[in-house]
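Here's a quick briefing to read with the model open. It goes through sheets, helix packing and domains in turn.

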Amino acid sequence: RKVIGARYYLKAYETHHGRLNATNAYRSPRDHDGHGTHTASTVAGRAVPGVAALGGFAAGAASGGAPLARLAIYKVCWPIPGPNLNIENTCFDADMLAAMDDAVGDGVDVMSVSIGSSGKPPRLPDDGIAVGALHAARHGVVVVCSGGNSGPAPATVSNLAPWILTVGASSIDRSFNSPIRLGNGMVIMGQTVTPYQLPANRTYPMVYAAHAVVPGTPANVTNQCLPNSLSPKKVRGKIVVCLRGSGLRVGKGLEVKRAGGAAIVLGNPPMYGSEVPVDAHVLPGTAVSMADVNTILKYINSSANPTAYLERSRTVVDVKPSPVMAQFSSRGPNVLEPSILKPDVTAPGLNILAAWSEASSPTKLDGDNRVVKYNIMSGTSMSCPHVSATAVLLKSAHPDWSAAAIRSAIMTTATANNAEGGPIMNGDGTVAGPMDYGSGHIRPRHALDPGLVYDASFQDYLIFACASGGAQLDHSFPCPASTPRPYELNYPSVAIHGLNRSATVRRTVTNVGQHEARYTVAVVEPAGFSVKVSPTSLAFARTGEKKTFAIRIEATGKRGRRLDRKYPAGSYTWSDGVHVVRSPVVVLVG
């Protein structure tokens with residue numbers, strides 16, 4: 001009785017694309033792709049002992065975040081007609097709105113929406129997920145959405161409405177170490193979950209893809225191992241070094257195999273730094289960081305006969321530092337309304353093991369006929385259900401809390417530090433900040449008892465929409481003649497855009513902890529700005545009591561390091577000695 005309901009929606013899809021080709025998708029709620037199975041099991045899968053990915057990787061007991069929760073499934077995404085039916089999916093607003101409407105009517109408590117968009121985000125009235133989530137919030141439903149996989153470029157985050165809990169992606173403390181032994185004796189540590197192994201007791205010739213392409217391959221993609229780009233004569237029996245970038249990672253392995261290569265080494269370009277997503281390639285292979293692929297290429301270019309051997313991969317835990325922000329995770333600022341910080345939080349989204357549809361293969365490539373029950377995937381689609389599970393646990397523990405209160409509890413108890421106590425880093429080695437992770441990495445146990453919450457009502461959201469672009473989202477509620485500034489919404493984080501010397505922001509907190517409590521504030525000021533909170537202490541006599549305070553942010557003229565200039569960040573934190581209620585403060589300069 002885990003799945004207690006399942007529906008599917010494709011009227012809008014079929015209106016646009018014609019009747020569904022049922023070869024690559026079931027005309028039913030059943031999952032042909034694997035994505036829905038993976039995300040659903042991450043939220044609420046029951047504990048299963050003795051599972052592993054293909055090849056025995058990540059072995060152990062698998063469990064969803066809220067293993068006793070029930071699932072209702074609403075299938076809204078379908079294959080895009082074209083050459084990659086297994087790979088490309090699309091989700092139409094009308095289908096998603098119908099699904100969200102039904103979900104509210106069915107009485108769900110939390111919606112986990114692992115769907116994001118790329119490119120210019122639509123205005124709130126034109127955004128199906130935002131409109132559906134608004135009416136869900138009106139009925140107390142928590143809506144958690146992926147922030148998207150378009151990072152690390154700034155201003156790429158999607159699902160930007162303040163009534164949505166928007167999630168970035170970061171790593172966990174596990175890797176899949178795969179040593180590469182070069183012919184000069186140097187050992188490079190790659191990562192892979194590829195189950196295939198090169199025959200032992202010999203090395204293999206190594207070639208850089210850019211030196212082994214067929215004539216006519218565009219100069220800017222010669223190192224990408226795109227379909228039909230490699231010359232069989234130049235790669236047969238060799239380990240081929242390809243770079244990430246254009247095309248699918250697993251597709252590059254397929255191209256090396258097509259051309260007769262023995263194995264693939266997939267290297268990061270500069271934008272991906274040390275972040276290494278792992279794949280179950282269709283031939284022996286591994287993936288390496290930007291620094292390591294540069295070392296390998298230096299060896300290839302300096303040797304007349306470069307060789308290497310790929311040793312067996314193994315699962316390693318307690319990797320440090322962790323978590324690290326994934327480079328693919330979409331970044332802020334919020335291009336629709338910079339006064340709302342997005343993403344809200346980050347959660348595990350790199351190399352995540354979860355259940356998989358046996359109708360799909362681990363790579364989803366044509367010609368890959370392998371069948372698995374569990375698969376390792378990366379994306380904000382994987383991090384979103386971790387936060388959804390947290391929301392489910394909070395809803396169970398606090399059934400009287402609003403959706404805004406649950407979002408607040410998750411945000412204000414998140415941490416900006418890694419497990420070792422240092423600052424969370426980005427995959428390229430830079431220090432991460434609120435534009436990368438919002439309020440920080442989730443801490444579900446802390447969220448169960450946050451002390452204070454920032455609440456907001458349906459009417460607050462309607463007024464916000466009026467103030468932010470003049471959007472009237474409910475015809476029964478005309479926009480008032482005068483609206484507060486968008487940053488006045490009672491949000492658990494503070495972002496100020498277009499600061500004219502100074503601004504005063506008001507926030508209201510509700511005591512959800514002990515009957516009597518006294519909180520004092522601590523402030524970390526953004527470089528070049530002063531932050532004054534008034535009053536500096538809040539005394540509560542009862543649970544449910546509300547207190548309002550003001551935050552005055554003023555430019556001091558002293559600007560910090562060049563890197564901090566665009567998005568100087570600080571925080572203010574309320575604490576009663578037990579609870580720590582932290583809110584980031586970001587000033588968007590220019």
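Two strands count as paired if DSSP finds at least two bridges between them. Helices (H or I, at least four residues) and strands (E, at least two) are DSSP runs, numbered from the N terminus. Keep in mind that this is a predicted model, where local features need pLDDT of at least 70, side-chain atom pairs count only at pLDDT 80 or more, and totals for chains, interfaces and linings use all residues. Residues are numbered from 1 along each chain as its sequence is written, and side-chain values use heavy atoms, leaving out hydrogens and water.

**The mixed sheet**
- An open sheet of 5 strands runs in the order S24-S31-S30-S26-S28, with mixed pairing.
- Its edge strands are S24 (494-497) and S28 (537-540), each pairing on one side only.
- On average, neighbouring strands here are turned by 20 degrees against each other, direction ignored.
- S24 and S31 (residues 580-588) run parallel and are joined by 4 bridges; alanine 495 has valine 586 in S31 as its bridge partner.

**The antiparallel sheet**
- Another open sheet has 4 strands, ordered S23-S25-S29-S27, and its pairing is antiparallel.
- S23 (452-453) and S27 (529-534) sit at the edges with a single partner strand each, so one side of each has no neighbour in the sheet.
- S23 and S25 (residues 502-511) run antiparallel and share 2 bridges, and leucine 452 has asparagine 511 in S25 as its bridge partner.

**Helix packing**
- H3 (residues 93-106) and H4 (residues 128-138) cross at roughly 10 degrees, and their axes come within 9 Å (axes are lines fitted to C-alpha atoms, for helices over the stretch in contact, and angles run from 0 to 180 degrees between N-to-C directions).
- That makes H3 roughly parallel to H4 (under 35 degrees is roughly parallel, over 145 roughly antiparallel, 65 to 115 roughly perpendicular and the rest oblique).
- The contact (heavy atoms within 4.5 Å) includes Met96, Leu97 and Met100 of H3 and Ile129, Val131 and Ala133 of H4.
- H8 (residues 380-397) and H9 (residues 403-412) pack at about 120 degrees, with axes 10 Å apart, which makes H8 oblique to H9.
- Val387, Thr390, Ala391, Leu394 and Lys395 in H8 meet Ile406, Ala409 and Ile410 in H9.

**Domains**
- The chain's domain assignment (bounds come from an automatic or database domain assignment) gives domain 1 (3-172 + 321-447), domain 2 (175-314) and domain 3 (490-588).
- The C-alpha centres of domain 2 and domain 3 lie 49 Å apart.
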